[in-house]
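Here is a short report on a structure with its sequence. Read it with the model open beside you.

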Amino acid sequence: MTSSTAADPPAGGDTASRAALMTVQGVSKVFGGLTAVSDVSFTIPSRSIVSVIGPNGAGKTTFFNMLTGLYKPTVGRITFLGKDVTGTRPDLITKMGVARTFQNIRLFGTMSALENVLVGQHARMKAGIVGSILRTPGVRKEEERIRVVGREILDFVGMPASSFDQLAINLSYGDQRRVEIARALASEPKLLLLDEPTAGMNPNESDRLTQLMRRLRDERDLTILLIEHDMKVVMGVSERVTVLDHGTKIAEGDPATVRSDPAVVEAYLGKQG
Amino acid sequence: MAVASPAQSTPAPKRYSLEGGLPPVAGKVLFVALAVFAVLLPLLLDPISSLLSDCIIALAFVIMALGLNVVVGFAGLLDLGYVAFFAIGAYAVGWFASGFFVDANVYVGVSGFVLNLPGIHTNFLIVLLAAMILCAIGGILIGLPTLRLRGDYIAIVTLAFGEIIRVFAVNGDQIALPFGDANLTAGRQGITPVDQIQLPFLPQFTQLDLRPWYWLVLALVFVTLFVVIRLRDSRLGRAWIAIREDEVAAASMGVPLVKTKLYAYAVGAAIGGVSGAFQASYLNTVNADQFAFSFSIFVLAMIILGGLGSVWGVVFGAVLLSFINSYLIPDVLRTVPKSLGLEFELTDLGFGIFGFLLLIVMVLRPEGLLPEKRRQIELTEGVGTGESTFEVRA
């Protein structure tokens, strides 16, 4: 299985029959002389959990950054909900319904958990500068509403109410991960991109996160794209797995197929004699 | 791409909190007490005393500092060209409320003897509005080229912008406007006199009674305080903190960087314009020599000394430095060199003294005299100093 089969339907699963939420066609990213991502094509079906895995330096995060608008693909096309979003500004992509977390947590440190989630709702708010100065009834109502919604979301991801007003830098690592997911959810996304969400978590915490991902898909109709190193999480939760190595797609399919793919084994463990 | 868990590498977490300082009730009482004192102060002073004049200048600087604090303190965009908005605000007075354009005879909302004078004479409230609009446009113009820059590089661009405006002011007497027989500015000669302020229901402001000037500028301070506090606690204020701490995360959460930054520049500039227009009217001149680079540094020193981002710290810093500049050094300590047998004017050392003060504060209390908690934590934790280059297009 090589990148030339990218357009083929994935092996197994009914995911292909669902409408594609996001489509990536022949995307590459070149930094100077270094090709970080090379000609990757890829579709994300609605209401699915799909994963991108690969060894360190395979270009996974670069790929993510292109999907969220932080990087502009050197070549290729990305469509979301049928609209071309190649090189669209990150805040506009967020507004269209794509939210993300970061591999190295990027919360606003001096803001409380709740305030972080309030910033996440920025794109869904209307308050303008004049309204904010006059604090019109509309603005006042909106501020109340986003606080209610923010508390609900923090509760949903499993934050204890006592931590809502705690500054982000005071929170434990696991709680910071949770708040980051809550902040992403606050922007009311259709597609949630999680960049190594279980990094640094113990097996217990990883399990809870896996459950949370399933709940997000089932209860909130979310589609999740996951970059993950923890194979237990990937194999347990994903409907489909895409493997990147040296910036190219080397395999794609359901977890069982990918796991037994010789190219994948080679990428992770080296060539077997 | 780190696989290892960063959890183990982080040091034992320290507990930070935004709480602390005065309890809310005490804060309110203190504010009301200070406000009442400020309102009643002129009744205790001689209506044409130089001390009252120093108070007026100090309050005008408070407005300036509050405006610069929006840009530097709230949004974290270092601006070294803030004098530009003093200049633009002042020229709004020079152009629309003086006899500068002698060919024009335009009178809007004014009465009394100015109706017999040539030039454009507009009511001060309209001039204020014009100053705010012109400055907001200027703020956006200065903001645009800095959008792709960060930190020190923004400072350099804004510094240049301030200088461009100053050079235009100095040489504006050589720049003929396309209409009438008029130039852009009056250069170093200055536009003087300008109209004395007329406000509805109040008598004409004169230089013989400074109290109306004082109450006007105090009212402007209160309005500015109201605006900046409301904005700080709004959707926009949160977005400013977010981009100050992490642009990448802010953009990824749906905060439009360009719009949010330009709002900061525009609001800061408009507030500076209010102060500029007031000072031009009060000083009764619009002179290109007023718009030196050192003015920008002076206002910046006020907000750093008081506490970057802290509204009350900035008010305190502005009053403190303004009084040191206009009262302590020239009036109180003037005789000190002579009494030590030294032959020099203490006022010549003004900036040396400010530099020294700033140095001491930076060593002993780098977050400022009345620090803002968030800024303090950012300073100690290094928040917002992380790498964040990415290809956001303007």
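Leu81(A) sits in the loop between E4 and E5 of chain A. Helices (H or I, at least four residues) and strands (E, at least two) are DSSP runs, numbered from the N terminus. The phi of Leu81(A) is near 55 degrees, a positive value in a residue other than glycine. Leu81(A) is partly exposed, with 16 other C-beta atoms within 10 Å. A residue is buried if 20 or more other C-beta atoms lie within 10 Å of its own, exposed if 12 or fewer, and partly exposed in between; the C-beta atoms are placed from the backbone.

This is a predicted model: local features need pLDDT of at least 70, side-chain atom pairs count only at pLDDT 80 or more, and totals for chains, interfaces and linings use all residues. Residues are numbered from 1 along each chain as its sequence is written, while chains are lettered from A and ligands numbered from 1 in the order in which they are written.

## The sheet of chain A

Four strands of chain A form an open sheet, in the order E2-E1-E4-E5, with antiparallel pairing. Two strands pair if DSSP finds at least two bridges between them. The edges are strand E2 (34-45) and strand E5 (83-84) of chain A, and each pairs on one side only. Helix H1 (residues 60-67) of chain A packs on the sheet and touches E1, E2 and E4 of chain A.

Eight bridges join E1(A) to E2(A). Here Val30(A) stands opposite Thr35(A) in E2(A). E1(A) and E2(A) form a hairpin with two residues between them. In the turn, Gly32(A) has a positive phi of about 55 degrees. Five bridges join strand E1 (residues 20-31) to strand E4 (residues 75-80) of chain A. Gln25(A) stands opposite Arg77(A) in E4(A).

## Two domains in chain A

Chain A is divided into domain 1 (3-97 + 189-269) and domain 2 (110-173). These bounds come from an automatic or database domain assignment. The C-alpha centres of the two domains of chain A lie 29 Å apart. Six residues of domain 1 of chain A are in contact with four residues of domain 2 of chain A. Two residues are in contact if their C-beta atoms, placed from the backbone, lie within 7 Å. On the domain 1 side, H2(A) gives the largest share, three residues.

## Where the chains meet

The contact takes 42 residues from chain A and 40 residues from chain B. The chain A side divides into 17 nonpolar, 16 polar and nine charged residues. Ala, Val, Leu, Ile, Met, Phe, Trp, Tyr, Cys and Pro count as nonpolar, Asp, Glu, Lys and Arg as charged, and the others, Gly among them, as polar.

## The nonpolar core

The largest nonpolar core has 187 residues. Such a core is a set of buried Ala, Val, Leu, Ile, Met, Phe, Trp, Tyr and Cys residues joined through C-beta atoms within 7 Å. Those with the most contacts inside it are Ala65(B), Ala92(B), Ala131(B) and Met302(B). Helix H2 (residues 50-74) of chain B gives the largest share of this core, 16 residues. Domain 1 and domain 2 of chain A both give residues to this core, so it lies between them.

Leaving aside neighbours within four places in sequence, Met302(B) is in contact with residues including Phe61(B), Ala65(B) and Leu321(B).

Methods:
Axes are lines fitted to C-alpha atoms, for helices over the stretch in contact, and angles run from 0 to 180 degrees between N-to-C directions.
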